[in-house]
Amino acid sequence: MGLLPLGIWFAATPSEAAALNRNRRSMGILAIQYKSIPDSPILIACNREENLARAFQPPRIQSGRPRVVCGIDRKAGGTWGGVNQHGMFAAVVNCPKRTIPYDPRSRGLLCKELLSCRTAEEAIERAVRELETGCYAGGNFICVDRTSGGVVYGGNEVDVEYFKPGLHIISANRMDDHDDPRQEFVRRLLTLHRLDSAVAFLAVASQTFSRKPDISGKRGVIINEPEFGTVCSMLVSLTERTQKSILQFANGAPNIKPYEDVSALLRQVLSTDRSSQKKAQPKPENPS
């Protein structure tokens, strides 16, 4: 048998797939409160889990158009989540997959490319096209704006599930999977309080997503293993008024590193679209 050409995929046995997915594990968990609060249609909390030695850059405004604020994975150059000037949020949560590409393309690069889309619907369509090529390891891609949004599942099958108004939890499993104990634990913690404002959601989410396990290693959201764990956390509020949108980032596990307010970066990015719209408006003619 000859050598496999670069980029070819193969169907792994269950044990091979498990080993490959362990080697590539960088799962994560995300909560979104969607279209439930009139002035804050998109509220998000997200923990990223990765190999602790893998370097990354905190959220910054990236060069190019459209303007984007996101963190960058220094190894592959992609991102795990961010917002563009059109108010579209995109993120990826890795998931298991039986069929693993021999030389998979970075899921973070795809996530970064999705942030170049104008709308969530456009990003969802692009994610489906890319994932159907089979060139990626498993990943669930979240794409959402004020109009629509959903999850593109890129595990063993490519599928789309759209958001309905309300609270949704996403992890390596499907959205709102009641058989996923971690999802259910996060849901329970979040719904102990009334999430009737952006302030309430962000306050409760910051406590929930920074909750460390108890002495038995359970009842926590933070993952802390010798070489793998929660490496950062992000809180996002996209409001109808740009200057009230919020971005908070913990540059490390949020039970150790506090959330820092980097909303100025988000507001600068979001104001780009409004500035462009103002410039495009025709000036009124002077009366003769």
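Me: How confident is the predictor in this protein, going by mean pLDDT?
Reply: This is a predicted model, and its mean pLDDT is 89, with 86% of the residues reaching 70 or more. Residues 1–26 are another story: pLDDT is below 50 there, though the stretch still has 42 contacts in the model beyond near neighbours in sequence.

Me: OK, on to Ser-206. What makes it count as buried?
Reply: Its relative accessibility is 18%, and buried means under 20%, so Ser-206 gets the label. You'll find Ser-206 in helix α5, residues 198–208.

Me: And what does Ser-206 touch, leaving out residues up to four places away in sequence?
Reply: Leu-235 and Tyr-259. Pro-254 is 48 residues away from Ser-206 in sequence, yet their C-alpha atoms are 8.0 Å apart in space.

Me: How do you know that the side chain of Ser-206 makes a polar contact with Ala-203?
Reply: A polar atom of that side chain lies 2.8 Å from the backbone oxygen of Ala-203. The cut-off is 3.5 Å, so the pair is within it.

Me: Where is Ser-210, then?
Reply: In the loop between α5 and β13, the latter being residues 228–238.

Me: Why is Ser-210 called buried?
Reply: Because its relative accessible area is 18%, and the label needs a value under 20%.

Me: Why is Cys-232 called buried, and why is Cys-135 called partly exposed?
Reply: Cys-232 has 1% relative accessibility, so it counts as buried, the limit being under 20%. Cys-135 has 34%, and partly exposed covers what lies between that limit and the over 50% needed for exposed.

Me: What makes β13 mostly covered?
Reply: In β13, 11 of its 11 residues are buried.

Me: And how do you know that β13 pairs with β3 and β14?
Reply: Pairing takes at least two bridges. Strand β3, residues 42–51, is joined to β13 by 10 bridges, running antiparallel, with Arg-48 standing opposite Cys-232. Strand β14, residues 246–250, pairs with β13 over five bridges, also antiparallel, and there Gln-248 is the bridge partner of Leu-235.

Terms used. Residues are numbered from 1 along each chain as its sequence is written. This is a predicted model: local features need pLDDT of at least 70, side-chain atom pairs count only at pLDDT 80 or more; totals for chains, interfaces and linings use all residues. Side-chain values use heavy atoms; hydrogens and water are left out. pLDDT is the predictor's confidence in each residue, from 0 to 100. Contact means heavy atoms within 4.5 Å. Helices (H or I, at least four residues) and strands (E, at least two) are DSSP runs, numbered from the N terminus. Buried means under 20% relative accessible area, exposed over 50%, partly exposed in between (1.4 Å probe, protein chains only). A polar contact is a pair of N or O atoms within 3.5 Å; within protein, one must be able to donate a hydrogen and the other to accept it, and residues adjacent in sequence count only if both atoms are side-chain atoms.
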